[in-house]
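Please read the following points with the sequence and the three-dimensional view at hand.

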Amino acid sequence: MEQLGFREIAGLQLRDDPAREGCFHVVRSDGEMHEYDGDSAIARRELIHRHMSNEITSLDIAAQMLVDFPDAPWELRMELARQCWDESRHVMVLYRRLLELGGRKGEFPISTFEWSVTSALDNIAGRLATQNRTFEAGAMDVVGGLARGFREIEDETTAAVLDGILADEIQHVRFANRWIKKLAESDRRVLMKVAMAVRFLAEANARLVWKPGEVNAVGKVLRDPQETIPAVNIEDRKLAEFSDEEIAVILRQAGFRSLIPDDQGERPAQ
Ligand SMILES: [Fe+2]
Ligand SMILES: [Fe+2]
């Protein structure tokens, strides 16, 4: 079996692109993607295509953890195997919806950034912190908002598909939170590895994220990345067992200070 190597991108050692069918065009920047404004038919197809591609990437990342860390605890490997099954279903339901809307795989460019960053890390706690606890937790926030958006334009079918995916994603984030804590309890050095993974991701983001005002390949002006942080999906993050303090940190970073309870558990006056 061919081993996937590394390649240098923006001065960082990232994992080589995963294999993709020939119909897909893999790009490395948001400016090359075909994200559209609004809810036109093509905008909807591109959005579903992009999420379908992200689900393939999630499957790749979980599967590669099984390959790269054969000595990980059996129960953690079982969680990752179940995640692979969930992600493969997510790919299929989004693909089916894409076909129903007249789309096809490979219709738009795709990115495998999450794979390239996560799978470059040499330890399982770092990968769980990056993929499950950061990218997938972020996806919970995005998908919750997208489902509401599809309901507003009376596309109940796509909204229901997204609701189903969200229910599974909560478990992917939850088991990662549980296992990072468990691994850190038996070896405090794990915390340092997690912190290094968080820094590596922040560095990759800083070097590769789009610039405010950049225009993408289909003419959409990309907003300041800071303005595109989605509303934080607090209820689902709680179900995924983020602590209140961790949620407060996320809310602070996302600019939702007024939602953070003070020390007495009271919300500050608006
Ligand atoms: Fe998924
Ligand atoms: Fe997932």
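1. On a 1 Å grid over the protein atoms alone, a cavity is a set of points where a 1.4 Å probe fits but cannot get out, and lining residues have an atom within 4 Å of a point. In this predicted model, local features need pLDDT of at least 70 and side-chain atom pairs count only at pLDDT 80 or more, while totals for chains, interfaces and linings use all residues. Residues are numbered from 1 along each chain as its sequence is written, and ligands are numbered from 1 in the order in which they are written.

2. The lining of the largest cavity is formed by Ile-9, Leu-14, Asp-17, Val-27, Arg-28, Ser-111, Thr-112, Phe-113, Ser-116 and Leu-208. Five of these residues are nonpolar, three polar and two charged (Asp, Glu, Lys and Arg count as charged; Ala, Val, Leu, Ile, Met, Phe, Trp, Tyr, Cys and Pro as nonpolar; the others, Gly among them, as polar).

3. The iron ion (ligand 2) has as protein donors (N, O and S atoms within 2.8 Å of the metal) Glu-87 (OE), Glu-136 (OE), Glu-169 (OE) and His-172 (ND1), at 1.7 to 2.2 Å. Along the chain, their spacing reads E-x48-E-x32-E-x2-H. Water is not among the atoms, so sites may look incomplete.

4. Glu-87 coordinates both the iron ion (ligand 2) and the iron ion (ligand 1), and the two ions are 3.3 Å apart.

5. Glu-169 and His-172 are both buried (under 20% relative accessible area, with a 1.4 Å probe and protein chains only). About one helical turn separates Glu-169 and His-172, because they are three residues apart in helix 5 (residues 156-186); helices are DSSP runs (H or I, at least four residues), numbered from the N terminus.

Methods
Side-chain values use heavy atoms; hydrogens and water are left out. On a 1 Å grid over the protein atoms alone, a cavity is a set of points where a 1.4 Å probe fits but cannot get out, and a pocket is an open set with protein on both sides within 12 Å along at least five of seven lines; lining residues have an atom within 4 Å of a point. Donors are N, O and S atoms within 2.8 Å of the metal (3.2 Å for Na, K and Ca); water is not among the atoms, so sites may look incomplete. Helices (H or I, at least four residues) and strands (E, at least two) are DSSP runs, numbered from the N terminus. Buried means under 20% relative accessible area, exposed over 50%, partly exposed in between (1.4 Å probe, protein chains only).
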